[in-house]
Amino acid sequence: MGQERDQFFWLVNRLLECLRSPFSTKKYMRWQNWRHFAWVGADSLPIVTLIAACTGIILALQAAAQLEKVGALSYVANLVGVTIVAELGPLLTALILSGRAGAAFTAEIATMKISEEIDALEVMGLDSVRYLVWPKCLAMALMAPLLTVWADFAGVLSGGVFSVTVLGLSAKGYYDQTSNFLSLRLLFSGLVKSVAFGLTITLISCWQGFLAREGALDVGNRTTRSVVQSILMIVLLDLFFTALTYISR
């Protein structure tokens with residue numbers, strides 16, 4: 001436990017040192033950054049879009065089943081919009097990134113650690129944290145909020161299309177209801193959450209990767225731990241931010 005704690009603070013300290021010069025001009029670092037931006041961002045778009053769109057339809061269905069009992073079917077737009085933008089957009093995007101990117105981060109670093117490739121990088125004069133971890137932090141800090149905005153758009157749009165074509169709501173009414181209840185404050189709070197989620201996933205995933213010691217079996221164990229710990233921290237952070245938003249409303 002003490003070794004794991006020391007490794008965690010070592011990693012945090014090395015990442016803080018990277019803040020002094022966040023964007024390296026070296027060609028191989030620029031390539032590392034762009035590779036991670038593309039992999040975390042563009043490659044995650046299909047699954048984020050699909051899950052966000054399905055969630056928008058599910059929310060519309062659930063809301064319609066309850067609201068039509070009290071004659072308030074038009075409020076489906078409010079429920080879908082606010083729930084997606086304030087809560088489910090950031091949360092679902094983070095869970096997807098945890099399973100897709102976080103697990104891959106851990107597996108990559110753990111494999112390199114066990115095969116002594118990280119030691120080789122240090123011998124070659126490369127800072128392993130700046131080369132391996134920092135590009136992942138930049139990619140998650142930038143791409144998590146962008147993916148969240150896209151997930152918000154996909155969820156609200158799919159809920160709207162479903163409400164208009166199946167529930168019989170008017171497109172103008174749905175748009176008016178959504179725009180009246182959504183605010184920049186809600187969108188901003190969701191984006192703050194997404195940045196915090198992205199950095200947390202990266203820190204936990206890379207930390208678990210550096211802890212790998214005992215062969216291929218340990219790679220699997222560390223990957224599982226990183227995903228479980230990331231999901232737990234995402235939910236706890238979401239609870240914290242939601243409570244903070246409620247208190248400061």
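Author: Here is a short talk about the core and the helix packing. This is a predicted model, where local features need pLDDT of at least 70, side-chain atom pairs count only at pLDDT 80 or more, and totals for chains, interfaces and linings use all residues. Residues are numbered from 1 along each chain as its sequence is written, and side-chain values use heavy atoms, with hydrogens and water left out.

Reader: What makes a set of residues a nonpolar core?

Author: The residues must be buried Ala, Val, Leu, Ile, Met, Phe, Trp, Tyr or Cys, joined through side-chain atoms within 4.5 Å. Buried means under 20% relative accessible area (1.4 Å probe, protein chains only). The largest such core here has 42 residues, and Leu11, Val40 and Val133 have the most contacts inside it. Of the elements, α6 gives the most to this core, with 14 residues. Helices are DSSP runs of H or I with at least four residues, numbered from the N terminus.

Reader: Which residues does Leu11 touch?

Author: Leaving out residues up to four places away in sequence, Leu11 touches Val129, Val133, Leu203, Cys206, Trp207 and Phe210. Contact here means heavy atoms within 4.5 Å.

Reader: Why are α4 and α8 called roughly parallel?

Author: Their angle is about 15°, with the axes 8 Å apart. Axes are lines fitted to C-alpha atoms over the stretch in contact, and angles run from 0 to 180 degrees between N-to-C directions. Angles under 35 degrees count as roughly parallel, so α4 and α8 are roughly parallel to each other.

Methods: Buried < 20%, exposed > 50% of the residue type's maximum accessible area, 1.4 Å probe, protein only. Helix = DSSP H or I, 4+ residues; strand = E, 2+ residues; numbered from the N terminus. Parallel < 35°, antiparallel > 145°, perpendicular 65-115°, else oblique.
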